[in-house]
Amino acid sequence: MNVLRINGLTKRYGRITAVDELSLEVEQGMAYGILGPNGSGKTTTLGMVLDITHPDSGSFEWFEGQYGRDARRHVGALLETPNFYPYLNAIDNLGIVAHIKQVKAPRFDELLKLVNLYERRTSKFRTYSLGMKQRLAIASAMVGDPEVLIFDEPTNGLDPQGIAEIRNTLQRIAETGKTIIMASHILDEVEKVCSHVAIIKNGHLLASGTVGAIISDDFLVEVAAEDMPGLQTAFETDSRIKKAELQEEGVLLLHLENETPAAAINEWAFSKGHTLSHLRIVKKSLEAEFLEITANQ
Amino acid sequence: MLYLLRLEWKKIRKLTSFRLFSVCYLILLPAILLTGLRFDELPPPINTNEVFFMFPTVWQYLGYIGNWLCFFFFGFLSIVVVTTEDSYRTMRQNIITGLSRQQYFLSKFYLIVVVSLLAALYYALCGFTIGYLNTEAIYWHKVWQHADYIPRYFLMCFGYMAFGLFLGFMIRRTGIALFLYLAYIMFIELILRWGIHLQIVEHRSMHFYPMNAVEDLVALPFLEMADEFTSKYGFSIYLQPWEASITVLVYSALFLYLAYWRVTRSDL
């Protein structure tokens, strides 16, 4: 089933066009990432499909229209910051969400255990740390077991431990086969959680498809030797190497299809008569690739 | 409707200002009237403090005290329940969670109706109790002589709260909205009426301002007797109750419509 269909959605703030003729489709069961730098229109887009921002033109449809105007009750969403009543505790706050969504028997304990807030369930929201607030927001999005979950920058402002916890939670949810729409400017996050991705910049859709198709997952190795031009020619003609690019820092970046031990690469170079002065396996530079995609447009 | 009212109850039940304002109202309404016990002799035209507690005049004096209390506590409450949801961004979250904008507005509207009803019922309860205990011979026609004060009291409280809701939705900032609420009722409208309107036209149309009409629903009793104003300007200092009622209903409908318009139109 088609969960969300966005058709030519446009939002202008004065002269600035925050979202420009954006169209995309999310199918049931997808973990859909909306990737883009800060200010690219991710939150504005989600705000429009959640009815808090009025679009200037374009349209969107939830669940092929089967719930009509009540569609948002079937969507659990966390937009930007976690927004709760600071003078109420976790249970009371979730109670308000359940009331709005008209959930008959909400399982708050289960949800609060899932996000590690069970021990603090009777503390007021205002006493929570940022990470706890974010986790409560995830629990609140899941109240009533909605068909779609929307997360907007779910790890924003968290410390590394908090980021890891949230990502683990999200991965667990994604694995259950629930439809997830997640906006983020962090590629790594999208790659870990999502199956599909749309890249947007300045409100324009640059690319969309499966994560594998959009983001290359080459194995990267940096090498250097005395005779750099010679080394480049040697590797460029090697069929085991997809691409050999000379970097600005004076090293050669090799793209390989599969993971290869460093020793093997050293051996290949040596057999072509080059002694490597530098050999480093580069952690897949997704951020760099993302920057490349967004910069080229 | 019950769905939205129960939602509001979940929200305000633990809200400090709601608890504080309610307790203050519940205590102060009878308490202030009862301080009248300490004044045995009063200047004319009142003469004796008995009128404070006797049927039918208890309705007028208790009502006038309630007028001030509703103006402060329930007017403030209606602003706070709107602006805090804006600053906590919970209104936005309510919409995201599934409430429609119309429902959100209606939940606040129902809230002020119910609070005004409860305030008027408590006023009726206090009025009956105090009147019953302090009137030697109870004639039912005396008891009911000014009982039209009860629906007027409800409308008075509703008028303040509708204005508060309007300011809350329009201005969105608690401090500024509270300040404007106080400043408008206590100064701005007085300047408009007495400083500008009356100087331009000496006509009783100067009374048909929104908050003046609200105040006149349950007005200070003995000013009616002071006829200096009437002889000078040729019209009474107060609106007739039915005039005040219609004026309040018209202005409240306008305020609520504008607030509704704002809620449905604005980006959150």
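Pro56(B) sits in the loop that links helix 3 and helix 4 of chain B, where helices (H or I, at least four residues) and strands (E, at least two) are DSSP runs numbered from the N terminus. Hello everyone, let's start from that loop. The peptide bond leading from Phe55(B) into Pro56(B) is cis, with omega near -5 degrees. Most peptide bonds are trans, and most residues other than glycine have a negative phi.

Some housekeeping before I go on. This is a predicted model, in which local features need pLDDT of at least 70, side-chain atom pairs count only at pLDDT 80 or more, and totals for chains, interfaces and linings use all residues. Residues are numbered from 1 along each chain as its sequence is written, chains are lettered from A and ligands numbered from 1 in the order in which they are written, and side-chain values use heavy atoms, with hydrogens and water left out.

Let's stay with chain B and look at helix 2. This helix covers residues 16–34, which makes 19 residues, and it reaches 27 Å from its first C-alpha to its last, close to the 27 Å expected at 1.5 Å a residue. That expected span is 1.5 Å times one less than the number of residues. There is a bend of about 35 degrees at Leu28(B), and a proline, Pro30(B), follows within four residues. The bend is the angle between axes fitted to the seven residues ending at a position and the seven starting there.

Which residues of helix 2 of chain B are buried? They are Ser17(B), Phe18(B), Phe21(B), Ser22(B), Tyr25(B), Leu29(B), Pro30(B) and Leu33(B). Buried here means under 20% relative accessible area, exposed means over 50%, and partly exposed is in between, with a 1.4 Å probe and protein chains only. Those buried residues pack against helices 1 (2–12), 3 (50–53), 4 (58–87), 6 (101–134) and 8 (149–171) of chain B, and contact means heavy atoms within 4.5 Å.

Helix 8 of chain B is worth a slide too. Its 23 residues should span 33 Å at 1.5 Å a residue, and the end C-alpha atoms are 32 Å apart, which agrees. Since 19 of those 23 residues are buried, helix 8 of chain B is largely enclosed by the rest of the structure.

Thr83(B) is in helix 4 of chain B and counts as buried because its relative accessibility is 0%.

One more stop in chain B: Leu220(B), in the loop between helix 10 (210–217) and helix 11 (228–233). Is Leu220(B) buried or exposed? Buried, because its relative accessibility is 19%. Leu220(B) and Ile65(B) are 155 residues apart in sequence, and 8.8 Å apart in space, C-alpha to C-alpha. Not counting residues up to four places away in sequence, Leu220(B) touches Tyr64(B) and Tyr238(B).

Now over to chain A. Its secondary structure comes to 10 helices and 13 strands, and 51% of its 297 residues count as buried. The C-alpha trace spans about 75 × 45 × 35 Å along its principal axes. Chain A is divided into domain 1 (2–212) and domain 2 (216–282), with bounds from an automatic or database domain assignment. The C-alpha centres of those two domains of chain A lie 42 Å apart.

Two loop residues of chain A have a positive phi without being glycine. Gln102(A), at about 55 degrees, lies between helix 2 (90–101) and helix 3 (108–114) of chain A. Asp145(A), near 50 degrees, lies between helix 4 (130–141) and strand 6 (148–152) of chain A.

Finally, how do the chains meet? The contact takes 29 residues from chain A and 29 residues from chain B. About 2,700 Å² is buried between them, with carbon and sulfur atoms giving 51%; that area is the accessible area (1.4 Å probe) that two parts lose on being put together, summed over both. How many salt bridges are there between chain A and chain B? The count is four, where a salt bridge is a side-chain nitrogen of Lys or Arg within 4 Å of a carboxyl oxygen of Asp or Glu. Asp267(B) forms a salt bridge with Lys11(A), and the closest N and O atoms are 2.8 Å apart.
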